[in-house]
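Please report on the fold, the nonpolar surface and core, and the salt bridges of this protein. Keep it short.

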Amino acid sequence: GLAKTAKIFAFENELGVQSPVGFWDPAGWTEDGSIENYKRRRQTEIKHGRIAMLATMGYITPELYGKLPGYLSPSLGIKFADVPNGLGAISKVPAAGWGQIIAYMAFCEVSSKQGPGTPGAAGDFGWKVLTSSDPAVVKKKLASELANGRLAMIAIIGMFFQEGITGDIWGGLAKTAKIFAFENELGVQSPVGFWDPAGW
């Protein structure tokens, strides 16, 4: 009813409400109208978006540009080149490496105040490289960060499923590229196009 609509309108001017969807809350998490709950969820969204953006880049960068030279673990003789890309890397990183990752995550969580009303709660940790003194530019950049973070959250989950289903980080794209080599040959006709169900 009207009360529910009024509560939703309370959030329609918040950062991250972008066209073409506008304010989108299919699960109804904002129906209680709680600003405190909304800000907590926004803080979580920013954090997860940033992690997803890093994860997405970390997933594809080694495939495109190669891996670091040298050893991941000199004491165990594990080179960076020995670690597969994608989900296969999880089992190859030694326990001490996972310990370092978890320690760094913990440091990021406790090194700045992130309670309600603090700059950290809004995602501002004082790193001003990509900011501006113009409030309109800052707002645009923060909106872009939210949009890119949302896309990255979907992208990394898609990459996980793609690799899990196909067993290939590119989801069989390398195989598909070989098929494209024949799509302009004589006999390739619509509506089927290039058709090779036996894989010859």
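In which helix does Ile 157 lie? Ile 157 lies in helix 4. The model is predicted. Ile 157 has a relative accessible area of 43%, so it counts as partly exposed.

**Overall fold and confidence**

Five helices and two strands make up the secondary structure. Read from the N terminus, the order is α-α-β-β-α-α-α. Of the 200 residues, 17% count as buried. The protein exposes about 14700 Å², and carbon and sulfur atoms supply 65% of that area. Among contacts with a separation of 6 or more, 51% join residues 24 or more positions apart.

Mean pLDDT is 82, and 87% of the residues reach 70 or more. Confidence is highest in strand 2 (residues 78–79), with a mean of 93. It is lowest in helix 1 (residues 2–9), with a mean of 54. Where pLDDT is low, predicted coordinates should not be read in detail.

**The nonpolar patch**

Ile 157 belongs to a nonpolar patch on the surface.

Leaving out residues up to four places away in sequence, Phe 160 touches Tyr 59 and Leu 87. Tyr 59 is 101 residues from Phe 160 in sequence, yet their C-alpha atoms are 9.5 Å apart.

**The nonpolar core**

Tyr 59 belongs to the largest nonpolar core. In soluble globular proteins, nonpolar side chains tend to be buried together. This core has six residues: Ala 52, Tyr 59, Ala 152, Ile 156, Met 159 and Ile 169. Helix 2 (35–65) and helix 4 are the elements that each give two or more of them. Helix 4 supplies the largest share, three residues.

Setting aside neighbours within four places in sequence, Ala 52 contacts Gly 149, Ala 152, Met 153 and Ile 156.

**Salt bridges**

The whole structure holds four salt bridges. Three of them are listed here.

| Pair | N to O distance |
|---|---|
| Arg 150 and Glu 45 | 2.5 Å |
| Lys 47 and Glu 109 | 3.0 Å |
| Glu 145 and Arg 50 | 2.5 Å |

Why does the Arg 150 and Glu 45 pair tie together parts that are 105 residues apart in sequence? Arg 150 lies in helix 4 and Glu 45 in helix 2, so the bridge spans that separation. Arg 150 is partly exposed, because its relative accessibility is 28%.

The side chains of Lys 47 and Glu 109 also meet in a salt bridge. Lys 47 is in helix 2 and Glu 109 in helix 3, so this pair ties together parts 62 residues apart in sequence. Lys 47, at 26% relative accessibility, counts as partly exposed. Glu 109 is partly exposed as well, at 41%.

The side chains of Glu 145 and Arg 50 form a further bridge. Glu 145 lies in helix 4 and Arg 50 in helix 2, so the pair ties together parts 95 residues apart in sequence. Arg 50 is partly exposed, with a relative accessible area of 25%. Through shared partners, salt bridges join Arg 42, Glu 45 and Arg 150 into one network.

Terms used: Residues are numbered from 1 along each chain as its sequence is written. This is a predicted model: local features need pLDDT of at least 70, side-chain atom pairs count only at pLDDT 80 or more; totals for chains, interfaces and linings use all residues. Side-chain values use heavy atoms; hydrogens and water are left out. Contact means heavy atoms within 4.5 Å. Helices (H or I, at least four residues) and strands (E, at least two) are DSSP runs, numbered from the N terminus. Buried means under 20% relative accessible area, exposed over 50%, partly exposed in between (1.4 Å probe, protein chains only). Accessible areas come from the Shrake-Rupley method with a 1.4 Å probe; for residues, only the protein chains shown count as cover. Patches are made of residues with over 30% relative accessible area and no salt bridge: like charges are joined within 9 Å, nonpolar side chains (Val, Leu, Ile, Met, Phe, Trp, Tyr) within 5 Å. A nonpolar core is a set of buried Ala, Val, Leu, Ile, Met, Phe, Trp, Tyr and Cys residues joined through side-chain atoms within 4.5 Å. pLDDT is the predictor's confidence in each residue, from 0 to 100.
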